[in-house]
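Subject: Structure handover

Hello,

Here is the structure I promised to pass on. Please open it alongside this email. My notes follow below it.

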Amino acid sequence: MTYELPALPYDYDALEPHIDSRIMELHHDKHHQGYVNGANAAREALEGMRDSEEFGDVKSVKRALAFHLSGHVNHTIFWENMSPDGGGEPGGELADHIERDFGSYEAFTSEFAATAGGVEGSGWALLCHDAASDELIVAAAENHQNQTPQATTPILVCDVWEHAYYLQYENNRGEYVDNFMQVVDWDDVARRFDQCQGRSI
Ligand SMILES: [Fe+2]
């Protein structure tokens, strides 16, 4: 298989009380696994098309690949963005860039929370490095992939599909997002930011 479900970097209950153990178990083992399976199925279907040189279904297969592969990528980053030792505020160069590009850390968190709250239906809020401007921007994704600007690399992602919070927070998405911010592993976000610096289009 081309894509594999990564192991969670901590136990299911490690993020309690902010994120419930049962949510983590279902989210990782069932939902993320589903996207891995879907991405592999789409790749297999593409291989079959190339072998047969019949591309009649190519539109739906490309659509499925974009959805499932983006789901796999977003969730992989999401797990690593969180830690039982997380929370607080970023430091170092990442903090400097957040201040430069948003005005302050507080301004960034307000925009990030508002973006998460504004996603219609299922989607994500994403803090991204934008290679076109070499700046940080906050983007929103509908489903996993729609509406995200080209040339952006996500460094902090918040899943706002209902499967990420409904068992614990019901319809209170804002409360869930506030709790998510309390488990953010800023060291992981900083590592991702370092890898992006200097990239251009
Ligand atoms: Fe999810």
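Which residue in β2 is the bridge partner of Leu 126? It is Ala 139. Before going further, please note that this is a predicted model.

The sheet

Strand β1 covers residues 123–130, and strand β2 covers residues 135–142. The two run antiparallel and are joined by 8 bridges. Together they form a hairpin, with 4 residues between the strands. Look at Asp 134 in that turn: its phi is positive, about 55°.

β1 also pairs with β3, again antiparallel, through 7 bridges. Here Leu 127 stands opposite Leu 156 of β3. As a reminder, strands of a sheet pair through backbone hydrogen bonds.

The helices

Next, α3 (residues 92–102) and α7 (residues 186–196). Their axes come within 9 Å and cross at roughly 80°. That angle is why α3 and α7 count as roughly perpendicular to each other. On the α3 side, the contact uses Glu 93, Leu 94, His 97 and Ile 98. On the α7 side, it uses Trp 186, Val 189, Ala 190 and Phe 193. By class, this contact has 6 nonpolar, 1 polar and 1 charged residues.

Helix α6 spans residues 173–181. Its buried residues include Tyr 176, Val 177 and Phe 180. Arg 173, Asn 179 and Met 181 are buried as well. What do the buried residues of α6 pack against? The list is α2 (58–81), α4 (105–118), β3 (152–159), α5 (166–169) and α7.

The domains

The protein chain is divided into domain 1 (20–81) and domain 2 (92–196). Their centres, taken over C-alpha atoms, are separated by 21 Å. In the contact between them, 17 residues of domain 1 meet 25 residues of domain 2.

One last residue

Is Ser 52 buried or partly exposed? Ser 52 has a relative accessible area of 42%, so it is partly exposed. Its place is in helix α1 (residues 21–52). Compare Ser 52 with Asp 159: they are 107 residues apart in sequence. In space, C-alpha to C-alpha, Ser 52 and Asp 159 are 38 Å apart.

Best wishes

Technical notes:
Residues numbered from 1 in each chain as written. Predicted model: local features only at pLDDT ≥ 70, side-chain atom pairs only at ≥ 80, totals over all residues. Heavy atoms only, no water. Pairing = 2+ DSSP bridges. Axes fitted to C-alpha atoms, helices over the stretch in contact; angles between N-to-C directions. Parallel < 35°, antiparallel > 145°, perpendicular 65-115°, else oblique. Contact = heavy atoms within 4.5 Å. Nonpolar A, V, L, I, M, F, W, Y, C, P; charged D, E, K, R; others polar. Buried < 20%, exposed > 50% of the residue type's maximum accessible area, 1.4 Å probe, protein only. Domains from an automatic or database assignment.
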